[in-house]
Amino acid sequence: MLAAEVKQKLISIVGEENFSDSQVERLAYSYDATPNFQSMPDAVVSPRNTNEVSEILKVCNENKVPIVPRGSGTNLCAGTCPTEGGIVLIFKHMNKILEIDEENLTVTVQPGVVTLDMISAVEAKGLFYPPDPSSMKISTIGGNLNENSGGLRGLKYGVTRDYVMALEVVLPNGDIIRTGGKLAKDVAGYDLTRLFVGSEGTLGVITEATLKLIPMPETKKTMLALYQDLDAAARSVSKIIANKIIPTTLEFLDQPTLEVVEAHAQIGLPTDVKAVLLIEQDGTPDAVDSDIALMAEICKEQNAVSVQVAQSEAEADALRTARRSALSALARLKPTTILEDATVPRSEIAKMVSAINEIAEKYQVKICTFGHAGDGNLHPTCPTDSRDHDEMERVEAAFAEIFEKAIELGGTITGEHGVGIMKAPYLEWKLGKEGIAAMKAIKQAFDPNNIMNPGKIFAKDTRKRVVITK
């Protein structure tokens, strides 16, 4: 529990109405979307502006109170679970779009803005913010920044970090710094902007962001290619890229995922094929028509049993929505859903999917696989039940082997979900001891008292998912 003196100082900063240490409120912020991780914070604090964030951090730093910055809690690596107590910082008051600058093609926002709300606001002005995490209806920009979120459009347009031009950040000692600016070029000193993006709240608190916008594409088309052979689907992905076509979206769903998504969405997805590629292209009408025609030809050459172009925007939107709902659909199967994001070079997708299926069979667990085939980011997903301890042991062993295989194929343990607690035991496999040491040195320099989201990224002794209570 917080010391009475610390509690009173925090209340004096944000007001009684923006501080809560009730059991109900603490319980509500004791977990995120990651199964089987939970820990009670000591309090929940809602700052109203950057200066209040600064004063909060000064108090917490002086008293060594942990701080966990939190968005909407859609995190999938237990990154916002307050494992060491302290305070959860939420940004319900700091949720404004501060500026849409049409001359410099930027939008400046506070961290609590919901991603889709911002996207809709800029699209109303004919502008485009490409990063589109599947959780964008509820996730916030602050969460996207801390996790460097990806999305379906990542192949063509990149991920969150590719659109971050400037940040306002409060450091653990309360100092407020600004990085970057509305500049096409800026090499003045270290690139602190990129350092904070994807740092999972372990280095400071982002209180404002200026993001790059681009012109809205003139048109887009969506296509569905069906396969009875996983290798043929994977070959199609490689051939499309080899033909110098970069589609907006190039998504993969295997048959188990198709069956569950169709049962959930009921839009007429085929469930009698082994795999589906959902392909989308945007741009000028002539370029889109040409690319779609060539990609359809490539898919047929690689033994697609059917290639269908959506005949209307409503049909295309239904396909996109179905893909985005894959996790929700799979979560209906069992009480616990373990979703991961092992990533490999796109040329290794077929090997990775085959390995996932073999590993699932080896450990006698059900794993459905979908994901961003165009950039090699796969989401093997296991419906299970955390109360079945024997099965959970097998699930953990299966995913450890999946991560190991991804690294063996030149990949990584996470493409967009982050490290948090869940992936921390495997990070050294990817970075080596020297890489971990370099990261710890950065953490120590920014946060010597280790108050910023402690216990995340850097591994502890266990590789087991555990329920941590306080």
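**View 1. Helix α15 gives the largest share of the lining of the second largest pocket, six residues.** The model is predicted: local features need pLDDT of at least 70 and side-chain atom pairs count only at pLDDT 80 or more, while totals for chains, interfaces and linings use all residues. Residues are numbered from 1 along each chain as its sequence is written, and side-chain values use heavy atoms, with hydrogens and water left out. The pocket holds about 980 Å³ of space. Of its 39 lining residues, Asn 148, Arg 161, Gly 198, Thr 414 and Val 419 are the closest to the centre. Elements giving two or more residues to the lining are α5 (141-147), α6 (154-157), α7 (192-196) and α15 (427-446). By class the lining has 13 nonpolar, 17 polar and nine charged residues. (Nonpolar: Ala, Val, Leu, Ile, Met, Phe, Trp, Tyr, Cys and Pro; charged: Asp, Glu, Lys and Arg; polar: the others, Gly among them.) On a 1 Å grid over the protein atoms alone, a pocket is an open set of points with protein on both sides within 12 Å along at least five of seven lines, a cavity is a set where a 1.4 Å probe fits but cannot get out, and lining residues have an atom within 4 Å of a point. Points are joined across faces, edges and corners, and a volume is the space filled by probe spheres set on them. Helices (H or I, at least four residues) and strands (E, at least two) are DSSP runs, numbered from the N terminus.

**View 2. The largest cavity has a volume of about 50 Å³.** Its lining consists of Leu 224, Leu 253, Leu 258, Leu 269, Val 276, Leu 278, Leu 319, Ala 322 and Arg 323. Eight of these residues are nonpolar, none is polar and one is charged. Helix α11 gives the largest share, three residues.

**View 3. Four strands form an open sheet in the order β1-β2-β4-β3, with mixed pairing.** Strands β1 (19-20) and β3 (67-70) stand at the edges with a single partner strand each, so one side of each has no neighbour in the sheet. β1 pairs with β2 (residues 43-45) in the antiparallel sense over two bridges; pairing requires at least two DSSP bridges between strands. Ser 20 stands opposite Val 44 in β2.

**View 4. Helices α1 (residues 4-14) and α3 pack at about 170 degrees, with axes 9 Å apart.** α1 is therefore roughly antiparallel to α3 (angles over 145 degrees). Axes are lines fitted to C-alpha atoms, for helices over the stretch in contact, and angles run from 0 to 180 degrees between N-to-C directions. The contact (heavy atoms within 4.5 Å) includes Leu 10 and Ile 13 of α1 and Ile 56 and Val 59 of α3.

Methods: Parallel < 35°, antiparallel > 145°, perpendicular 65-115°, else oblique.
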